[in-house]
Amino acid sequence: MFDVFGSCFANSDRIHKEIGIIRQIAVKIRQNSRFITLVLCPTSAIFASTLFQKHFMSKVQTLGQFIIEKQTDFPYAKGELSRLLRDIGIAAKIVNREVNKAGLADILGEAGETNVQGEAVKKLDVFANEQFIAALSVGGECCGIASEENEEIIPIDTPQSRNAKYVVAIDPLDGSSNIDVNVSVGTIFSIYRRVSLSGPATEEDFMQRGTEQVAAGYVIYGSSTMMVYTTGKGVNGFTLDPSIGEFCLSHPLMSTPSSGKTYSINEGNYVHFPDGVKKYIKYCQEEDKSTKRPYSSRYIGSAVADIHRNLITGGIYIYPTTASSPNGKLRLIYECNPMAFLIEQAGGKATDGFRRIMEIEPKKLHQRTPFYAGSADMVETACEFMTRFSTAHR
Ligand code: AHG
Ligand code: MN
Ligand code: MN
């Protein structure tokens, strides 16, 4: 910073004095970032402020800065939710590091074996689970976790956490079957205010409708790594800049088109789909200029990646009932509800074919549900097909 100012104010004594003042101010800025101002004489004040903005506050806003700035959206907030989101961001960076090394498993040792250092190599979904549990347990803002990887909830019973306000439901690694073939995977999380009064969380804290979510998001470990989240005031996306190790705001206020050109469904299960879905797929494939059909079929097999793409470009994601998954495959609490919250916040819709996902009352921790989500017009049309051609989910 001094060099920047120094090279700009060449030679004059007066200017040297001003550089001295700016140096003192720079020290103050470090101590208190609000103290930037008013002591400077007008010329150098403008100069300093312009340079400061250009070099230090330019276009980059980190996740941490954004979270703190947005805390003012919640006048009575004491920063707990902000810290919780920060903890999730930290765990995501650690998981990202390991996901990026996944292809080296052959060299470093297969999951379940020992690596060249003689350490046990963990499967990445187990590793991701441990990282998120560790980050949330030491962070002090979460009193319990429900994870796809754990049959029961994980109550957190540390002096800092036991009376924390929030619980977190998480799919630590979504699309994990894609890891071995270098295809995008993700993490999905959902945050609720606890309903129990104090102590470690109970299962009841997780049995809340999606409409009660305080925040939700996902991390996509893709061609670049992104964290996308909502606290109910729009959806914002942050891309990890590996050179500085920070998530930076790259997709402010994301909104999904009301219609798109993509349908995403595992068509291999076609013969077992409900009639409404079969008919809807045929509709997607028909020619019609006014609705830009036929649509393209795109299916990665990582819900995070499929939904992320559709959120940006417009489209519909469907995981209906099938013979092997008579209640659908995806889990209500840590896959569908958080995705539904994000999609709705971006202007889309999420249903089980008939009902709004976020209004479903959970009965079991690992409950499954059919999932129809994405661009509002497309989801509405798919649901109309269900109502016309299917009874319940069959
Ligand atoms: P997970 O890896 O957490 O078990 O989730 C996988 C889910 C979801 O991400 C994906 O869309 C779907 O399963 C793929 O299922 P199919 O292989 O049956 O299409
Ligand atoms: Mn999953
Ligand atoms: Mn998973």
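Two bridges connect strand 1 to strand 2 (residues 154-155), and the two strands run antiparallel, where strands are DSSP runs (E) of at least two residues and helices DSSP runs (H or I) of at least four, both numbered from the N terminus, and where two strands are taken to pair if DSSP finds at least two bridges between them. The model is a predicted one, in which local features need pLDDT of at least 70 and side-chain atom pairs count only at pLDDT 80 or more, whereas totals for chains, interfaces and linings use all residues. Residues are numbered from 1 along each chain as its sequence is written, while chains are lettered from A and ligands numbered from 1 in the order in which they are written.

The link between strand 1 and strand 2 is a hairpin of six residues, and within this pair Gly144 has Pro155 of strand 2 as its bridge partner. Strand 1 also pairs with strand 3 (residues 166-174), in the parallel sense and over five bridges, with Cys142 standing opposite Tyr166. Six of the six residues of strand 1 (residues 142-147) are buried, so strand 1 is largely enclosed by the rest of the structure; a residue counts as buried if 20 or more other C-beta atoms, placed from the backbone, lie within 10 Å of its own, as exposed if 12 or fewer do, and as partly exposed in between.

These strands belong to an open sheet of eight strands with mixed pairing, in the order 2-1-3-4-5-6-7-8, at the edges of which strand 2 and strand 8 (246-251) each pair on one side only. Within this sheet, strand 5 (residues 213-221) and strand 6 (residues 225-230) are antiparallel and share six bridges, Tyr218 being partnered by Val228 of strand 6. Strand 9 (residues 262-264) and strand 11 (residues 316-319) pair in the parallel sense over two bridges, with Tyr317 of strand 11 as the bridge partner of Ser264.

Over the chain as a whole, there are eleven helices and 13 strands, and 42% of the 394 residues count as buried. When residues up to four places away in sequence are left out, Val168 touches Leu136, Cys142, Ile145, Phe189 and Ile191, a contact being defined by C-beta atoms, placed from the backbone, within 7 Å.

Ligand 1 is surrounded by Glu148, Asp171, Asp174, Gly175, Ser176, Asn266, Gly301, Ser302, Ala303 and Lys329, each with its C-beta atom, placed from the backbone, within 6 Å of the ligand. This shell comprises one nonpolar, five polar and four charged residues, where Ala, Val, Leu, Ile, Met, Phe, Trp, Tyr, Cys and Pro count as nonpolar, Asp, Glu, Lys and Arg as charged, and the others, Gly among them, as polar.

Methods:
Two residues are in contact if their C-beta atoms, placed from the backbone, lie within 7 Å.
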